[in-house]
Amino acid sequence: MNDLRHLMSPMDFSTEELENLFDVAVDIENNMSKYAHMCDDKILATCFYEPSTRTRLSFETAMLRLGGKVIGFADASNSSASKGESVADTIRVISCFADICAMRHPKEGAPMVAADHSLIPVINAGDGGHQHPTQTLTDLLTIRNLHGNLHNFTIGLCGDLKFGRTVHSLINALSRYTGITFIFISPNELRIPDYITDMLKHKNIPYREVIRLEDVMPELDFLYMTRVQKERFFNEEDYIRLKDFYILDKAKIQLAKENMYVLHPLPRVNEISVEIDNDKRAAYFKQVQNGLYVRMALILTLLDMTKSHINHNLLKEY
Ligand code: NCD
């Protein structure tokens, strides 16, 4: 029995714990230098069995900004997985070297297997089409900053709702807040999975499914655009047919409220035209910045280093 904490799904934290985490993230944004040596003697391992640019670099930057160091691999072919080592053995080995591990894996559930065998906190940095909890923390922090809280808004999720793990994680996490209406905008082939709509029905949370983005644009407070997940398609032809189904451009955004915000987990392919980047409603690069603060706050939380720090600050301030 150990009291290690991992992050496999955003639901692993209560909403109160998330509020604390977001408060730390906001404090980091405003007082970065205060945190610069908090992890001076700590090592983060990034074990990425699947390609990633921003998530891996965001984790690594988070640890470096906390004063810590980073080890790891960015490609399974550079690890002993290519020799047939199991995830369970890899994490036992990593536990001997590092203090905390962020793991991305193409197989759903692989980071959970790692967590079960780990002596250090494991963060799920994306497992197949399943969950991507740190992107969700990033999305929640961004919504909270822009809207003031996480209640009472209409969010449209658009694009690949079938394979997009960021979408699945975000809907799950938002289902714990009140007054949220979901509008799912996708072609029939990429509809949101039934297990998610079943969960919403069960919790009496309002949602609609539509095909045309233009039809619902004026209602939205947030529009969460996603890329069609090429790597999860079985057949290239289907991907080519669906990849440009939605392109958010100036004409379409004109239908939106002035205070609507566009989010995207990135990478973007064609689904948001670059002409939108300078629109005041484009929040996706701010999201990337928030991802750094929230990962810094998460590392501190899982290493159980936030309480002493916050108390210390309170003592300093009052
Ligand atoms: C997302 C992912 O990996 O699922 N990207 C990310 O982490 N920022 C979204 C995507 O790849 O489309």
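Strands are DSSP runs of E, at least two residues long, numbered from the N terminus, and two strands pair if DSSP finds at least two bridges between them. The model is predicted: local features need pLDDT of at least 70, side-chain atom pairs count only at pLDDT 80 or more, and totals for chains, interfaces and linings use all residues. Residues are numbered from 1 along each chain as its sequence is written, and side-chain values use heavy atoms, with hydrogens and water left out.

**View A. Pairing of β1 and β3.** F48 stands opposite R104 in β3. Strands β1 (residues 43-48) and β3 (residues 100-105) run parallel and share five bridges.

**View B. The open sheet.** Four parallel strands are arranged in the order β2-β1-β3-β4. β2 (69-73) and β4 (122-127) are the edge strands, each pairing on one side only.

**View C. Rings around F184.** Rings of Phe, Tyr and Trp (its six-membered ring) pair if their centres lie within 6.5 Å; planes under 30 degrees apart count as stacked, over 60 as edge-to-face and the rest as tilted. Nine aromatic pairs are counted by this rule. F182 and F184 are stacked, with 6.0 Å between centres and 20 degrees between planes. F184 and Y207 form a tilted pair, because their planes stand at 40 degrees, with centres 5.9 Å apart. This pair joins strand β6 (residues 180-185) to strand β7 (residues 207-210), 23 residues apart.

**View D. A ring cluster.** F153, F222 and Y261 are linked into a cluster by ring pairs.

**View E. A charge over a ring.** R295 lies over the face of F59, 5.0 Å from the ring centre; the rule requires NZ of Lys or CZ of Arg within 6 Å of the ring centre and within 35 degrees of the ring normal.
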